[in-house]
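Subject: Structure for you to look at

Hello,

Here is the structure I promised to send. Please open it next to the notes below.

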Amino acid sequence: MNTGHLEKLVEKVRSLPDSEARQAALELVQAVMDLHAAGLDRMMDILSTSESGRSLLEEFADDPAASGILLLHDLHPFDLETRVLRAIAEPSFRARGAHVELVSIREGTVHVRVEGGPALEAAVRRAIGEAAPDAAEIVVESSDTRVSGGFVPLAELRAG
């Protein structure tokens with residue numbers, strides 16, 4: 001079940017005309033979420049104290065579905081900056097001759113600089129979005145100064 005479907009169901013419950021039924025349904029959803037959060041929190045505690053558990057925590061953090069659930073319950077083992085740094089360290093970016101740099105994270109807005117062209121910028125934005133869906137915004141600045149086909153931008157000609 002995807003999050004879009006869940007959001008539609010929650011909106012459907014919120015629009016129920018019977019306020020008592022609406023309140024009971026919302027309380028039920030919250031009670032189930034609290035139950036799951038408590039169980040997941042305990043599981044994370046157990047994993048973090050065992051030798052093999054720490055590697056499992058990293059596997060959970062790297063899995064999009066598991067990572068999303070951990071974020072939902074504020075149990076993710078990595079903070080926003082760590083998740084972004086892991087995303088931009090993707091080996092395929094370097095293999096494509098790209099340079100990706102974290103500029104800053106302020107108030108949930110992630111600023112990165114990318115050298116490698118528009119396709120790479122889109123790939124970086126996608127990777128960060130998957131690793132950090134809780135980011136308020138992802139700002140990709142292009143520092144690509146490579147020129148293809150002998151084209152020289154007018155601004156560079158006037159700079160001299």
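This is a predicted model: local features need pLDDT of at least 70, side-chain atom pairs count only at pLDDT 80 or more; totals for chains, interfaces and linings use all residues.

Sheet. Three strands make up an open sheet, ordered S1-S2-S3, with mixed pairing. Its edge strands are S1 (99–106) and S3 (137–142), each of which pairs on one side only. On average, and with direction ignored, neighbouring strands are turned by 20 degrees against each other. Strand S2, residues 109–115, runs parallel to S3 and is joined to S3 by six bridges. Within this part of the sheet, Arg113 stands opposite Glu141 in S3.

Helices on the sheet. H5 packs on the sheet and touches S1 and S2, and its direction makes about 165 degrees with that of S1. H7 lies across S1, S2 and S3, at about 150 degrees to S2.

Helices H3 (51–62), H4 (64–72), H5 (80–88) and H7 (118–131) each give two or more residues to the lining. By type, the lining has eight nonpolar, two polar and six charged residues.

Ser67. This residue is found in helix H4. Ser67 counts as buried because its relative accessible area is 5%, and the cut-off is under 20%. Apart from neighbours within four places in sequence, Ser67 is in contact with Phe60, Ala61 and His76.

Regards

Methods
Residues are numbered from 1 along each chain as its sequence is written. Side-chain values use heavy atoms; hydrogens and water are left out. Helices (H or I, at least four residues) and strands (E, at least two) are DSSP runs, numbered from the N terminus. Ala, Val, Leu, Ile, Met, Phe, Trp, Tyr, Cys and Pro count as nonpolar, Asp, Glu, Lys and Arg as charged, and the others, Gly among them, as polar. Buried means under 20% relative accessible area, exposed over 50%, partly exposed in between (1.4 Å probe, protein chains only). Contact means heavy atoms within 4.5 Å. Two strands pair if DSSP finds at least two bridges between them. Axes are lines fitted to C-alpha atoms, for helices over the stretch in contact, and angles run from 0 to 180 degrees between N-to-C directions.
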